[in-house]
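Student: Could we go through this structure together? I would like to begin with the charged pairs.

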Amino acid sequence: MVAEVPVILCWGFQNQRTEKMSPNKEHFYKYYTAKSAFLTLRNGSQKWSNPIEFNDPFDNQFDFYFEEPNDQDIDELLESFIINSFKSDQPVPGFPLDVANNLKRIQEFYRVLGNIGLSEEHTKLLKDGLRQGISNVEVVLPELQKNLQSIIKTLSIFCISEIHDSILMWSHYSDNHKGAVIKFLSLKSIDSPLLGARPVHYSQNLPKTKYTDFLNFSSLHRRNEDIRDLLTLTKSEVWSYEKEWRVVTELTDQNKTHEFVEFHPEEVGSIYLGCRMEKSDKEQLTELVRAKYPKVNIYQAIKNQTQFALDFLEIP
């Protein structure tokens, strides 16, 4: 007997997910062992994990690499600072209130000067001040890196793939082709969490950002989200064969490293059984799907006779 696990209702997910929606992806695939596939379908819940459980030691576990600012960076930062001076009378977002209020006083000063233009002397003074601000970022960088990793520990991530026929992923995640793949649908009608899935970016190098990204006055409200995306959606290019997408949110219970999120039965699109799946597992899984998901088609993977590839035959 398998122990029951608590689940989290996840329909109506819109208020929790980012506004950056997945571009025209109607479905995704998740690779499972036979046991995990059975439990997922029986309990109607998916396991979402914190990155601390991921198998790649670089996944969400790296520090930022910062590029040194050049003169063009400083010019762009100065421009965004001045432009923002004319946009709002509210404290500058993204900074402690006392710092933001001080910045607003400076902005008010340059708002007046903006009508007659900044002198060369004033421009130099402001650029020097911005360079000092960047130096301050360098001083607090170790603490910043520590805070970023603290944020990572609060995340809950569901990893899926664009493809269901990867021989490597069947080997790595589906018990050497003895497991199964479940196709999950991104349904707007039930506000599926998969509507918030974002593609993983694969790179040879660790992500890099600019010090000016942390001081960009025109985009401070997006800063934290963009940094989180850079951390959670960047992996080494050696993983590119996975064609991975992710849904990123926060752990409901941040004392845990994973959680079980309930999915709607209509989100199950189809089931694919591994070409080496044990007969008993096949019978158990097929019986469950027929009873609980009667509209879902089941396919059996077989080895292609002329290529290193998998074919899938529907089980009537």
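Tutor: A salt bridge here is a side-chain nitrogen of Lys or Arg within 4 Å of a carboxyl oxygen of Asp or Glu. The model is predicted: local features need pLDDT of at least 70, side-chain atom pairs count only at pLDDT 80 or more, and totals for chains, interfaces and linings use all residues. Residues are numbered from 1 along each chain as its sequence is written, and side-chain values use heavy atoms, with hydrogens and water left out.

Student: How many salt bridges does a search of the whole structure find?

Tutor: The search finds six. In one of them, the side chains of K47 and E53 meet at 3.9 Å, N to O.

Student: What does D59 meet in a salt bridge?

Tutor: D59 pairs with R246 at 2.5 Å, N to O. D59 lies in the loop between β3 (45–49) and β4 (65–67) and R246 in strand β11, so the pair ties together parts that are 187 residues apart in sequence. Strands (E, at least two residues) and helices (H or I, at least four) are DSSP runs, numbered from the N terminus. D59 is buried at 2% relative accessibility, and R246 is buried at 1%.

Student: Which backbone oxygen lies 2.7 Å from a polar atom of the R246 side chain?

Tutor: That oxygen belongs to T232.

Student: And K235, what is its partner?

Tutor: K235 forms a salt bridge with E244, the closest N and O atoms being 2.9 Å apart. Salt bridges that share partners join D59, K235, E242, E244 and R246 into one network.

Student: Now the nonpolar side. Which residues have the most contacts inside the largest core?

Tutor: They are L41 and V268, in a core of 29 residues. Such a core is a set of buried Ala, Val, Leu, Ile, Met, Phe, Trp, Tyr and Cys residues joined through side-chain atoms within 4.5 Å. The largest share, four residues, comes from α1.

Student: Last topic: in which sense do β13 and β14 pair?

Tutor: They pair in the parallel sense over four bridges; pairing requires that DSSP find at least two bridges between two strands. β14 (residues 297–303) also pairs with β15 (residues 310–314), in the antiparallel sense over five bridges. β14 and β15 form a hairpin with six residues between them.

Methods:
Buried < 20%, exposed > 50% of the residue type's maximum accessible area, 1.4 Å probe, protein only. Polar contact = N/O pair within 3.5 Å; in protein donor to acceptor, adjacent residues only side chain to side chain.
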